[in-house]
Amino acid sequence: MAFQSSSCSSRERVQLAIQRRPPDRMPKGELCFDDAVVRQKLNCGRVGFEERLEFVNRLGLDLVCHAPVYPDLGGGLPDAGDSRWPELEKWISETPLFSFAVLDGPFGWGLRTLGFQKFLTLPRSSSLSLKDLVARVEKLNMELFRRLRAQGIDGIIIADDIAYQRGLLVSPATMREYFFPSLARQVEQIAGAGIPVFYHSDGNFYEVTPDLVAMGFQGLHCIERKAGMDAAKLQQEFGEKLCLWGHLDADDLKKAG
């Protein structure tokens, strides 16, 4: 499948943006898209690598994100060896696109395995259980990262929805005590291997943006305007250290026609 030529490839374009160097144009990408959308757009019955690639190419995207497929967990964390990224090697070796792999953080795993109320009360009810969960997620992510690095992944996104529209789900002090030290160690290993690492969260997590910058994250994803995340303000304060990705929503796309 042919890609339109340009002064630099999609992979190079994204790399320049992450390095906060001007690319030939603004790179485009999306965290995820549903196969049902691809099926409808292409009017096809089957959605595989070729169909997803055609869909991405029609949209003119420069990057794709790959979420892991986990086995039936039965309420716990998976083993690293049981986790997989379908067709990842094809995206890396057969396209000029920049490939991000998504690693779930302890917040996501905690909510998924324990439920909202039980997980958010762990700092008070059982801090040792929370510390154990965070440590196990860190171990899982680092094992997965080593596999991804060997496959030639371009970048990593640690996805952890720590906020809602009005602010953080737990206090900044709780984040700094239980979660951020582990995140910092993960960033150190990933970035130390020369792989860009981004942080994703919905909602308004502005209050801890300086913490994320200090850890060494090279970019933030989502920048949810309706939650009060101001891209211009973030650019002014952290633009020399962070690549900002997002800030558009469905209403913007409707207005664009």
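Biologist: What percentage of the contacts in the chain with a separation of 6 or more do residues 24 or more positions apart account for? After that, please take helix α1 (residues 10–18) as the part to examine: which elements cover its buried residues, and which salt bridges do R11 and R13 form?

Modeller: Everything that follows describes a predicted model, and the values are computed from its atoms. To take the opening question directly, residues 24 or more positions apart account for 71% of the contacts in the chain with a separation of 6 or more. The chain has 257 residues, for which a compact globule would have a radius of gyration near 18 Å, and the 18 Å found here agrees with that expectation. Along its principal axes the C-alpha trace spans about 55 × 45 × 35 Å, and 47% of the residues count as buried. The accessible surface comes to about 13,200 Å², with 48% of it belonging to carbon and sulfur atoms.

The secondary structure amounts to 12 helices and 8 strands. Six of the strands make an open sheet in the order β1-β2-β3-β6-β7-β8, with parallel pairing. β1 and β8 are the edge strands, each pairing on one side only, and from one strand to the next the twist averages 25°. Within this sheet, strand β3 (residues 155–159) pairs with β6 in the parallel sense over 4 bridges, and I156 has V197 of β6 as its bridge partner. Helix α8 (residues 127–151) packs on the sheet, where it touches β2 and β3, and its direction makes about 160° with that of β2.

Helix α1 itself is mostly covered, since 7 of its 9 residues are buried. Those buried residues are S10, R11, R13, V14, L16, A17 and I18, a list that holds arginines as well as residues such as valine and leucine. What covers them includes strands β1 (63–66), β2 (98–104), β6 (197–200) and β8 (243–246), together with helix α4 (88–94). After α1 comes R20, whose phi is positive, near 60°.

L16 lies in α1 and has a relative accessibility of 18%, so it counts as buried, the limit being under 20%. Leaving aside the neighbours within four places in sequence, L16 is in contact with R21, P22 and P23. L16 and H247 stand 231 residues apart in sequence, and their C-alpha atoms are 20 Å apart in space.

Side chains of opposite charge can pair when their charged atoms come close. A search of the whole structure finds 13 salt bridges, and one of them is between the side chains of R11 and D154, at 3.1 Å from N to O. This pair links distant parts of the chain, R11 being in helix α1 and D154 in the loop between α8 and β3, 143 residues apart. R11 counts as buried at 18% relative accessibility, and D154 is buried too, with a relative accessible area of 13%.

R13 forms a salt bridge with D62, and here the closest N and O atoms are 2.6 Å apart. Again distant parts are linked, with R13 in helix α1 and D62 in the loop between α3 (49–59) and β1, 49 residues apart. R13 is buried at a relative accessible area of 2%, and D62 counts as buried at 0% relative accessibility.

E87, with a relative accessible area of 29%, is partly exposed.

Note on methods
Residues numbered from 1 in each chain as written. Predicted model: local features only at pLDDT ≥ 70, side-chain atom pairs only at ≥ 80, totals over all residues. Heavy atoms only, no water. Buried < 20%, exposed > 50% of the residue type's maximum accessible area, 1.4 Å probe, protein only. Helix = DSSP H or I, 4+ residues; strand = E, 2+ residues; numbered from the N terminus. Contact = heavy atoms within 4.5 Å. Pairing = 2+ DSSP bridges. Axes fitted to C-alpha atoms, helices over the stretch in contact; angles between N-to-C directions. Rg over C-alpha atoms; globule rule 2.2 N^0.38 Å. Areas by Shrake-Rupley, 256 points an atom, 1.4 Å probe, with all protein chains shown as cover. Salt bridge = Lys/Arg side-chain N within 4 Å of Asp/Glu carboxyl O.
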